[in-house]
Amino acid sequence: MWDYTEKVKDHFVNPRNVGEIDDPDGIGEVGSLACGDALRLSFKLDEDRRINDVKFKTFGCASAIASSSALTELVKGKTLEQAEKITNNDIAKYLGGLPEEKMHCSVMGREALAAAIANCRGEEREKEEFEIVCNCFGISDREIERAVKENNLHTVEQVTHYTKAGGGCEGCHPKIRDIIAKVWGEKEETPVLAKPAKGKKLTNIQRMRLIEETLEREIKPALRQDGGDLELIDIEGSRVIVALRGTCSFCPSADFTLKQYVEAKLKEFVTDDITVEVEE
Amino acid sequence: MRTVYVDNNATTQVAPEVFEVMKPFFHDLYGNPSSMHFKGGEVQKTSVEAREKVADLIGASPDEIVFTSCGTEGDNAAIRGTLENYPGKRHIISTRVEHPAVWTLCKYLEKRGYRVTMLSVDREGRLDLDELRAAISDNTALVSIMYANNETGVTFPIEEIGQIVKSRGIPFHTDGVQAVGKIPLDMKRITVDMLSFSGHKVHAPKGIGVLYIRRGTKFSPLLIGGHQEKGRRGGTENIPYIVGLGKACQLAARHLEEENNRVRFMRDKLEQGLLERIPDTLVNGDREHRLPNTVSLSFEYVEGESILLLLSNLGICASSGSACTSGSLEPSHVLRAMGIPFTAAHGSIRFSLSIYNTEEDIDYILEQLPPIIEKLRDISPFWRDYIKASSKQ
């Protein structure tokens with residue numbers, strides 16, 4: 001069974017703003033029956049060009065319905081300029097989070113909003129050139145690129161969770177990998193995180209750069225997910241001195257995290273003799 | 001809150017009588033049946049009796065019964081244990097609607113150089129036996145075809161299939177997980193070489209299963225170790241569960257008539273009642289050849305997970321072939337193989353009953369489900385379009 005938050009359950013069981021607006025100023029429709037979820041969003045503007053009435057209709061699972069309901073609450077009272085800044089993460093956050101496999105529901109919300117705003121402005125949606133990458137779910141390279149950038153995605157599996165692309169026959173996985181590589185191109189090309197071959201000694205500069213990189217790329221993002229953080233204070237030979245920040249600074253299991261996670265990661269990516277200490 | 005459990009093809013509750021007979025084997029009767037002392041002897045006898053009860057349920061001899069840990073193990077042991085005996089043959093025949101225990105294994109073997117023919121089914125979930133006849137070749141090592149489908153309850157003509165396969169001298173395995181205990185099976189009468197099933201679908205606990213291997217069938221064990229199960233499955237016997245399964249099989253044999261009368265009556269009442277109360281509802285699968293406890297229905301233009309969660313909030317436990325419930329993005333491979341349109345596949349719900357259900361359970365579902373579908377259709381963008389389009393005609 002999915003681990004849905006109370007807020008998701010509430011918006012699923014008691015969805016807000018269900019319906020369709022007659023004669024809307026903007027209407028957007030994404031998804032299809034074949035894909036397993038679809039959302040039709042319509043809104044009306046008041047004289048100040050703020051969204052004053054918004055309604056949705058959704059075919060889909062509990063999180064799709066809850067995400068649509070959340071979206072309507074988020075856009076109410078906003079100008080088009082404010083509304084278009086809403087990201088799929090805002091929708092997920094409003095709901096207290098979504099299971100990663102269900103993030104595509106929040107992306108669907110965002111896509112419907114973009115389509116409705118474009119419709120309101122009389123623009124043709126997706127004027128830019130695009131190519132369908134995932135034929136099973138009809139997902140374009142543009143959509144994948146945007147999800148990768150906005151949600152900091154690095155694997156094909158993540159892209160599938162967020163956009164559905166690659167969730168069918170899996171034939172497009174190489175193309176998705178290429179898109180991810182293209183988006184993170186510059187970073188991926190610098191092989192900073194490649195541990196040198198056994199026996200090869202790191203120079204001091206190399207070692208310090210590798211420690212910094214590992215902290216930034218591997219360790220800090222994970223700590224931040226739980227509201228924690230750390231700061232690199234100094235590096236003395238193989239001793240890495242850090243200061244604990246955020247929830248880590250008063251967490252009773254911070255010592256454990258430091259040894260079992262931070263130190264272990266640094267040993268894995270830098271050298272086996274690294275020890276981590278907290279600043280006195 | 002009232003609980004109405006109608007998901008018995010997923011798992012069943014352990015029968016109170018089964019739990020009762022298992023208890024002593026967790027404290028007093030803890031011996032290893034292989035031991036020479038009396039602690040071994042006192043469990044040996046009970047396990048022999050349990051094996052007889054299991055054999056009786058399917059018309060087999062006790063020495064043809066191999067205890068396993070689950071249905072998946074039985075399927076793996078049967079398929080891999082057969083292939084090992086025919087190293088020169090590289091072709092397997094199965095169907096597009098198998099349970100993942102067989103289906104995924106076939107896909108795995110395909111990647112390792114086997115040629116796999118997945119027989120197709122028609123809209124009702126039926127096989128074309130001519131397709132089977134045509135698929136068999138001199139290179140075929142094994143045919144594995146399920147007895148009854150877990151999602152739709154559709155049963156295949158295993159007797160006829162067995163004869164076709166046997167006439168070509170090819171080993172035949174059937175996944176009997178959903179059939180055993182629900183319909184009468186007799187291994188003396190049908191030509192099946194191997195049949196696997198699982199305890200937890202017949203009111204025994206999870207963690208025990210059976211592989212029936214007909215005498216004289218070539219078989220290599222999956223688990224190599226001790227002499228247990230006559231060398232066909234190493235590992236100390238799981239005595240408490242074997243005893244429990246014995247009791248469950250004895251009860252299942254007694255309840256077969258009830259399963260085919262009272263349970264079938266309740267299933268039919270549920271199916272008919274929902275078809276009458278909810279428009280645009282379809283039955284998935286051949287209603288003529290179907291397990292007595294199962295019905296798969298599709299409610300068009302709504303999505304299965306939403307239905308399940310609203311049912312669950314009312315204490316009703318069912319399952320769905322929709323994409324969202326499985327964590328995959330595509331609806332059930334069984335419904336797709338049948339060519340059920342997406343409009344219906346995403347909104348499929350399976351009800352699978354047991355002898356523990358009552359008519360009040362059925363009445364409760366008939367009362368609670370229609371407003372759920374109505375509510376979700378009101379939210380669905382396709383429903384109004386569909387109503388509009390059909391009113392214009």
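How many cavities of 30 Å³ or more does the count come to? In this predicted model, the count comes to 5 such cavities. The largest cavity has a volume of about 190 Å³. Its lining is made up of 19 residues, and those lying nearest the centre of the cavity are B:G181, B:V202, B:H203, B:A252 and B:E259. By residue class, the lining of the largest cavity divides into 9 nonpolar, 7 polar and 3 charged residues.

The position of this cavity can be described in terms of the domains of chain B. The domain assignment of chain B gives domain 1, covering 4-10 + 255-383, and domain 2, covering 16-252. Both domains of chain B give residues to the lining of the largest cavity, and the cavity therefore lies between them.

The two domains were then examined as a pair. Taken over C-alpha atoms, the centres of domain 1 of chain B and domain 2 of chain B are separated by 28 Å. The contact involves 31 residues from domain 1 of chain B and 31 residues from domain 2 of chain B. The size of an interface is often given as the accessible area lost when the parts come together. For domain 1 and domain 2 of chain B, about 2600 Å² is buried between them, with 55% of this area on carbon and sulfur atoms. On the side of domain 1 of chain B, the residues B:L256, B:L291 and B:H333 supply 23% of the area that this domain buries against domain 2 of chain B, more than any other three residues. Between domain 1 and domain 2 of chain B, the count of salt bridges is 0. Polar contacts are found across this interface, however, in 15 residue pairs with both residues at pLDDT 80 or more.

The interface of chain B and chain A was treated in like manner. The contact takes 26 residues from chain B and 32 residues from chain A. About 2400 Å² is buried between chain B and chain A, and carbon and sulfur atoms give 66% of this area. Across the interface of chain B and chain A, 3 salt bridges are found. One salt bridge joins A:K102 to B:E305, and the closest N and O atoms of this pair are 2.7 Å apart. The interface of chain B and chain A also has 12 residue pairs in polar contact, both residues of each pair being at pLDDT 80 or more.

How values were computed
Residues numbered from 1 in each chain as written. Chains lettered and ligands numbered in written order. Predicted model: local features only at pLDDT ≥ 70, side-chain atom pairs only at ≥ 80, totals over all residues. Heavy atoms only, no water. 1 Å grid on protein atoms, 1.4 Å probe; cavity = no way out; pocket = protein on both sides within 12 Å on 5 of 7 lines; lining within 4 Å. Points joined across faces, edges and corners; volume = space filled by probe spheres on them. Nonpolar A, V, L, I, M, F, W, Y, C, P; charged D, E, K, R; others polar. Domains from an automatic or database assignment. Contact = heavy atoms within 4.5 Å. Buried area = accessible area lost by both parts, 1.4 Å probe. Salt bridge = Lys/Arg side-chain N within 4 Å of Asp/Glu carboxyl O. Polar contact = N/O pair within 3.5 Å; in protein donor to acceptor, adjacent residues only side chain to side chain.
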